[in-house]
Amino acid sequence: MLAYTLRRLLQMIPLLFFVSLAIYTLVALQPGDPLEGLIFQNPHLTQEDIAELKHAYGLDQPIHIRYFKWLGRALQGDLGVSRTYAQPAAEFIYHRMQNTLLLTGLSFLLALLVAIPVGVFSAVRQYSLPDYVVTFLSFVGYSTPVFWLGIMLMLLFAVWLPDRLGLDHPIFPVGGFASPGVDPQSVGWAAYLKDRIWHLVLPVFTLSVLSMASWTRFTRSSVLEVLSQDYIRTARAKGLAERVVIYKHALRNALIPIVTLVGLAIPGLFSGAVITETIFSWPGMGRALFDALLEKDYNVAMAALVFLAFLTALFNLLADLAYAVVDPRIRYS
Amino acid sequence: MKKKSWAWITGLLLAAGLAFAGPGNNSLVVGASQEPRVIGDFWSFVSSAAIASEIENFLWAGLEYIDINGKDHAYLATEVPTVENGRVKVTDIGKGKKRIDIKYTLRDDIYWSDGTPITTKDVAFYYEVGKYPGAPVQDPSYWKRISLKVLDDKNFVVSFEPAYFYDLVGSAIGLAPEHVMRAEWEKTKAEIKKLDPKKDAAKITELFQGFVAKFATPQALNQGKLVFSGPFTLKKWVPGSSMELVRNKRFFITPPGGADKYVQRVTYRFITDTNALLVAILGGGVDATSSVALTFDQARAPQLVRRAKGRYQIWAVPGVIWEHAEVNKFANVQEVKDLMLDKKETRQALLYAMNRQGLVDAFFDGLQPVADTWVHFQDPNFNKNVKKYPYDPEKAKKILASLGWKMGPDGILERTTKDGRKVKFVLEYVTTAGNRIRERTEVFFQNDLKKVGIKVKINNAPASVVFSNDFFSKAYDGSWKGLFEFAWLFGIVDDAGVFTCHDYLTGETYVPTPKNNYSGVNFNWCNEEFDRLRAKAMIEFDANKRREYWQKMQAIWAEEVPALPYYWRSNPIVVKNGLVNFVSSTYFGSFGYPTTTAWLIGWKSRGAKPVYDQAKYGINVLEQK
């Protein structure tokens with residue numbers, strides 16, 4: 001197992017090299033370069049001026065030279081400075097990652113806490129009215145576009161309901177991270193935490209709906225498959241309580257594919273959620289990466305994408321190792 | 001309900017109350033759809049976004065500002081330098097070039113927010129950094145032409161050689177707080193000196209940006225690294241969310257009735273999704289919108305208009321963004337030659353065939369005015385007597401017939417060329433894919449042009465493609481072959497460079513061809529008289545004489561129509577009832593920033609006196625509806 005893990009870790013080195021090369025090439029091959037927009041701000045600029053600026057930003061060099069310069073610095077722990085934010089790319093990503101993990105982590109937890117019990121409940125009561133209701137809601141959740149749901153929830157809680165209830169402020173805010181002026185120093189920790197939670201409710205719910213719906217369906221089908229197995233019939237035949245049959249024998253086995261699915265979803269927590277973050281003005285990784293790609297801020301885009309590639313490779317490895325832990329039939333050598 | 005639940009709800013509502021201020025606590029919440037990356041990047045080494053300029057109006061004062069009527073107004077300087085008051089000296093330096101020396105005097109009562117007096121040291125520091133070799137400045141011409149002579153603590157002379165008329169519009173030079181930035185600059189200079197400017201240019205750029213980052217990023221500003229000279233100071237910036245500004249007690253202008261009658265705290269909320277911003281306005285969480293906020297369609301959304309009564313006003317302020325179609329006039333491109341796009345008669349016929357007023361009425365309720373030339377109707381040099389092109393398809397047909405076009409059996413014009421080929425009038429139309437307004441516009445005009453026998457072939461691509469050098473600048477090689485719709489931003493200092501073929505002052509040619517390495521954005525319209533008038537206007541510092549040249553240039557342009565002018569975009573702003581002096585005009589603060597005179601913004605109910613009337617500078621959308 002240890003040898004296998006080490007071998008997989010070593011394989012990640014060439015993998016990350018090729019991934020970083022591919023990402024750098026794709027980012028650099030986007031049409032246009034970061035300075036072409038300048039001519040629209042200042043038509044006085046001559047080609048010589050633009051050439052000088054390209055030289056100043058190192059954009060006059062061929063892609064492969066730029067890539068190896070970037071790689072050389074990255075190997076020394078220097079991921080460069082964001083051209084648009086003037087901050088070290090690693091520091092910028094670190095701040096954004098914290099915000100993203102708060103949002104995606106909570107929505108991930110909420111989705112899990114709802115999806116697994118509801119999926120089991122739905123499977124155990126297959127073809128009953130509650131099962132139909134859960135199935136219907138799952139399909140609604142699965143097919144509802146996030147941007148639409150986000151805006152509708154904001155309208156509901158910030159406009160319609162306050163109007164009906166005669167409030168002059170929203171029940172939940174229209175996006176944002178915290179209320180302006182609310183910080184622990186000025187209002188105290190309790191009020192500050194309440195404010196942060198108040199701001200988290202709608203984005204966390206919006207982001208979790210899709211996972212909730214798909215994981216509910218997945219849990220339902222996984223549990224249904226296990227419930228038809230011989231050992232479940234045996235467990236029931238020997239007189240075990242239904243609760244024990246479901247939670248001890250069925251659910252534990254049904255969880256094996258779910259653990260894999262959930263494990264592979266973990267890198268997604270770090271990449272953020274562009275649409276949810278944009279709608280709710282949440283300063284996270286998704287928006288930062290999207291903006292960096294649009295504005296051709298190479299250092300930020302590279303740092304973020306290579307880090308995500310590393311996490312994907314790492315969590316793939318962890319998911320593979322988790323198979324061996326949850327399923328005794330699997331052994332790595 | 002349990003007691004604990006009530007406590008939670010009370011807490012949340014308390015937090016909601018903090019977020020929703022307004023006249024109650026004499027504060028203001030402005031909603032913006034963009035967020036600046038840095039604030040206080042005095043040299044634009046990192047960024048020069050419009051939203052940054054709008055917010056910087058709250059925080060820093062310049063020597064002068066452009067007032068609501070588009071005129072220069074003294075700010076930190078004692079008076080606006082002019083030839084008449086002896087502060088501007090114009091010298092002929094031969095070869096048709098001029099030099100100007102502009103003498104400024106700083107006011108005696110101006111201080112940075114930490115109490116340090118603002119002096120010529122701050123001007124000299126700004127100059128020293130911007131002029132330093134390797135500085136990644138985004139307007140190299142300005143820094144090459146400028147020089148500075150400090151006379152004493154309060155007086156200095158800024159010179160430009162060669163000088164152009166726009167050097168006298170607005171502040172001739174900036175300033176930066178020397179006493180807080182000097183030490184870091186000395187460290188940066190020492191680092192730069194170790195590097196080779198040729199080999200290490202990118203590293204030097206990073207050092208300049210790193211220097212700015214020590215003061216202008218959210219983290220640095222939150223640590224109080226920078227001082228302010230404007231009516232407000234920055235209290236806290238939560239990146240990606242909001243920025244809080246509070247009144248600067250050291251600011252030298254007292255608004256009518258006293259500063260306490262005007263807003264004391266301003267919060268910018270950055271809501272990048274404009275639909276979410278619209279919901280925030282509907283929910284009452286935003287008192288006014290920034291100049292970078294809702295789209296024009298959203299500002300006229302029925303939900304917003306229905307809810308406006310008794311709550312807010314919606315204004316459309318004519319802006320300086322000129323929506324138009326460039327025409328490829330390079331006759332070496334076969335399609336251009338076949339369609340005779342290089343002939344003014346063809347372009348005139350196209351304009352007569354396009355119902356621009358109909359477009360503006362249909363899509364914008366007439367709120368975005370049709371453009372006659374590239375000069376804005378609010379510009380002091382505007383010529384209202386130029387040739388106009390009202391919708392007249394019959395006239396278009398006649399012109400096209402005089403050029404040899406005949407209607408084909410399929411309803412498309414056709415003609416036989418001199419070399420015996422039969423060509424049909426199939427016109428390529430390019431614009432930025434995904435821009436719904438432009439896509440609607442081209443379909444509207446496609447329909448108009450079809451009526452006169454012109455088939456429009458739409459060939460859109462994403463903005464990153466159409467504005468890339470290989471596409472945009474290579475019309476000579478036929479990268480685009482007909483019309484290309486996009487917008488130029490023509491500020492109050494526009495110098496007609498976009499339509500200049502030969503620059504008689506610099507000797508450069510602005511028609512992008514392989515000969516000049518595709519420099520310039522004039523797609524092959526060369527009119528010698530226009531270029532000569534422009535060369536005279538560029539070095540004419542007498543506004544009346546310059547107006548004469550400019551008006552003649554407009555007459556020539558309107559006759560030749562090198563591009564097809566569509567309309568001037570209007571900026572929508574939403575302002576809660578009772579908020580005064582949060583007003584925009586075409587040239588306020590150069591580009592219509594409602595924050596140019598931020599010290600006057602206040603709530604009428606708190607005693608703020610209305611100084612400006614938005615109705616004079618914009619159209620009330622609610623009255624139009």
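1. In chain B, residue B:M407 stands opposite B:L413, which lies in strand β14(B). Strand β14 covers residues 413-416 of chain B, and two bridges join β13(B) to this strand, the two running antiparallel. Strands here are DSSP runs of type E with at least two residues, helices are runs of type H or I with at least four residues, and both are numbered from the N terminus; two strands pair if DSSP finds at least two bridges between them.

2. A word on the basis of this note: the model is predicted, local features need pLDDT of at least 70, side-chain atom pairs count only at pLDDT 80 or more, and totals for chains, interfaces and linings use all residues. Residues are numbered from 1 along each chain as its sequence is written, while chains are lettered from A and ligands numbered from 1 in the order in which they are written.

3. The pair in point 1 belongs to an open sheet of three strands of chain B, arranged in the order β13-β14-β15 with antiparallel pairing. Because β13 (406-407) and β15 (422-424) of chain B stand at the edges with a single partner strand each, one side of each is left without a neighbour in the sheet.

4. Chain B also holds an open sheet of four strands in the order β4-β5-β7-β6, again with antiparallel pairing. Its edges are β4 (88-94) and β6 (146-150) of chain B, each with a single partner strand, so one side of each has no neighbour in the sheet. Direction ignored, neighbouring strands of this sheet are turned by 20 degrees against each other on average; such angles are taken between axes, which are lines fitted to C-alpha atoms (for helices over the stretch in contact), and they run from 0 to 180 degrees between N-to-C directions.

5. Within that sheet, β4(B) pairs with strand β5 (residues 97-105) of chain B in the antiparallel sense over six bridges, and B:D92 has B:K98 in β5(B) as its bridge partner. Helix α3 (residues 120-131) of chain B packs on the sheet, where it touches β6 and β7 (155-160) of chain B, and its direction makes about 150 degrees with that of β6(B). The strands β6(B) and β7(B) run antiparallel and are joined by five bridges; B:I146 stands opposite B:F160 in β7(B), and a hairpin leads from β6(B) to β7(B) through four residues.

6. Turning to helix packing in chain B, helix α5 (residues 178-193) and helix α6 (residues 201-216) pack at an angle of about 165 degrees, with their axes 10 Å apart. That angle makes α5(B) roughly antiparallel to α6(B), since angles under 35 degrees count as roughly parallel, over 145 as roughly antiparallel, 65 to 115 as roughly perpendicular and the rest as oblique. The residues in contact (C-beta atoms, placed from the backbone, within 7 Å) include B:W185 of α5(B) and B:F211 of α6(B). By class, the residues of this contact divide into seven nonpolar, one polar and three charged; Ala, Val, Leu, Ile, Met, Phe, Trp, Tyr, Cys and Pro count as nonpolar, Asp, Glu, Lys and Arg as charged, and the others, Gly among them, as polar.

7. In chain A, which has 14 helices and zero strands, helix α6 (residues 129-143) and helix α9 (residues 189-227) pack at an angle of about 140 degrees, with their axes 8 Å apart. The helices α6(A) and α9(A) are therefore oblique to each other. Among the residues that make the contact are A:G141 of α6(A) and A:A213 of α9(A), and the contact divides into six nonpolar, four polar and one charged residue.

8. Finally, how many residues of chain B are in contact with chain A? There are 61 residues of chain B in contact with 51 residues of chain A. Several elements of chain B supply at least two residues each to this side, including α1 (3-19), β9 (242-247) and α8 (274-282), and the largest share, ten residues, comes from α1(B). The side of chain B that touches chain A has 30 nonpolar, 24 polar and seven charged residues.

How values were computed
Two residues are in contact if their C-beta atoms, placed from the backbone, lie within 7 Å.
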